[in-house]
Amino acid sequence: MSRSDRIVDTAEQLEAPFTISPEAYVSRDHARMERDRLWRKAWLQAGREEDIPEAGDFVTYDIGDDSIIVLRADDGTIRAFHNVCTHRGRRLVDTPQGKRNASGNRRNFICGFHGWTFDREGQCTFVQHQDDWQGALTPERTALGKVRCGNWGGWLWISLDPDGPSLEEWLGPIPEMLDPFGLQNMRCRWRKWIVFDCNWKVALEAFNETYHVQTTHPEFNQFGQFRGWARNHGLHTNIGYEAPKGQEQDQAKLRLGSGEDPRQSTADMQVFTWVNANTNTTRTLVDAALRLKDELPEDTPAPEVSAHWLKSAREADARRGVVWPVVQPAHVAKSGTAWQVFPNFQIGHAVNNMLCYAARPFGDDPDKCIFEAAVYELYPEGEAPQTEWEYTAAEDWPPVLQQDFANMRAVQQGMKNIGFRGTLPNPYMERAIGSLHMNLARFIGSAFPRNLD
Ligand code: FES
Ligand SMILES: [Fe+2]
C-alpha cells in the first residue's frame, strides 16, 4: 500500500477509499492529546434525566482524569460542577467500589477530608476555623467550579470547555432528525457496563457499521441480506439499511425478515433478536410478529406484512397505554437506524425502543475503555422498571454482543502488530469510522485519515 499525503479533511474525501494509522488507537501520547483536546472540549452525554428527578438528586460522570457532579437544583433545572473540593483538591464525591458512578440525593456535599460543605448551588457554606484565612476565603475562591450542562433527548450533557460551542450548535441536525421519535419518553429495560480491553474507538467502531453483520453474526443471514449505508453530517454520522424494493419508506430498524415467507422470517428474526440480543425490539413487536401467520394469508406481499405487523403492534401497545409517536415514513427512512453522536455516543432509535452505546477511555490507557450499552422502550405510565448500571463480565452479555466483543479484543491486539499497515475501512458501509477519525483529528491536530492513491 502506498501512503498518500492527501489527508481526509472533508466529507467528500470520505467517499473515496482511505486508511487510518493504528497510532490513533494504540498510542499513549494520542490518548493524552485526546484528554486535553477532545474530552475537555466536547459535549458529552453524562446520564439520563429520569435518574435525577427530584431537587438534590445527582449523578457523577468520570471522563479520564476529570469527574463532574450533575445535579437537579431546587428550581428543577440541571447544574453541573467539577467534582473536586476547593480546599485541597480531594475528589468531593467518591464513586462506590465497583459502581459506574456515584448517585443519590444531597442537600449539602460535605468533603470527607476537613468537612468543607457545599450547597446545591455549589456555594461553600461551611469552613471549619474560617477566620484563620483572615478574610481571604471569598465565595469566588471557595465555590465549586461550574461546568456547562444542558439536556436534550432525555439525556444530561456536559462540556468542560467554558468557551466552546453551545449544545445546540454541537448537536447540529440531530434534534431535528430524532425529536420526532420522542426519545425522552423512553425508559431503560436494561443497562450494562464493562471495562474492556480495547481503545474506546475500537469499541464504538464494532457497532457503527453494518459491514460486519454477515460474518460476525452469521445467524442473521438466514433472515436475509441487508446492505447498509453511512452518511456524514458534520461532526456526526448516521447509518441505515437500504430498504428492499417497495419498502423504501418502511419503519427503518423495525424491518422485516426477507425470507421466502416474510410472515415466518419476520417472526423468526424477532424471536432470535429477543432471545440472543435483547435489543432493537420489544415484547409487543415479538408477539405481533408471532401472530402474522394467523392473521395474514400465505402469499401476502412483504410491504403489506410490514404494514400489518407494525399496525398490530402499535394497536396492542396503545391498548396498554403505550402510545408510539407517529413519524412520517420519509423521515424514518432519512433518519436511518442509528446516529453516531461525536465523539462517543450512538443512538439506535426507533418509534418505540432504542439501543444506545457509549465508550470512553479508562484513565489514559489507550488499551482500555469503559463500554456501556442501554436498551430503552416505552412503558405505560409508572410501569417502567427501576434499573441500575450493572457491571457485567463479558461472558454474561447477550450472545450477539459477545460476538462483537470477540472482535474488539482481537482488533486492539492485532493493530499493535509490527506488520500492520493501517486500517482499510469500506468507504461506503464503514464511512462513519472515517468521519469519527476525521473529526477527531481536527480536534487533536494529527492522525488524520488519508486517501489511498
Ligand atoms: S480537601 Fe476538602 S475539606 Fe479539605
Ligand atoms: Fe455486531
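## Paired strands

Two strands count as paired if DSSP finds at least two bridges between them. In this predicted model, strand β13 (residues 228–233) and strand β14 pair over six bridges. Their sense is antiparallel. One of these links joins alanine 230 to its bridge partner in β14, isoleucine 239.

Strand β14 covers residues 236–241. How many of its six residues are buried? Five are, so the strand is mostly covered, where buried means that 20 or more other C-beta atoms lie within 10 Å of a residue's own.

β14 also runs antiparallel to strand β15 (residues 338–341). Three bridges join β14 to β15.

## Helix α8

Helix α8 spans residues 262–276, 15 residues in all. From its first C-alpha to its last, α8 reaches 20 Å. That is close to the 21 Å expected at 1.5 Å a residue.

Which residues of α8 are buried? They are Pro262, Arg263, Ser265, Thr266, Ala267, Met269, Gln270 and Thr273. What do the buried residues of α8 pack against? They pack against two helices, α9 (283–295) and α10 (302–319).

## After the helix

Asparagine 278 follows α8. The phi of asparagine 278 is positive, near 55°.

Technical notes
Residues are numbered from 1 along each chain as its sequence is written. Chains are lettered from A and ligands numbered from 1 in the order in which they are written. This is a predicted model: local features need pLDDT of at least 70, side-chain atom pairs count only at pLDDT 80 or more; totals for chains, interfaces and linings use all residues. A residue is buried if 20 or more other C-beta atoms lie within 10 Å of its own, exposed if 12 or fewer, and partly exposed in between; C-beta atoms are placed from the backbone. Helices (H or I, at least four residues) and strands (E, at least two) are DSSP runs, numbered from the N terminus. The expected span of a helix is 1.5 Å times one less than its number of residues. Two residues are in contact if their C-beta atoms, placed from the backbone, lie within 7 Å.
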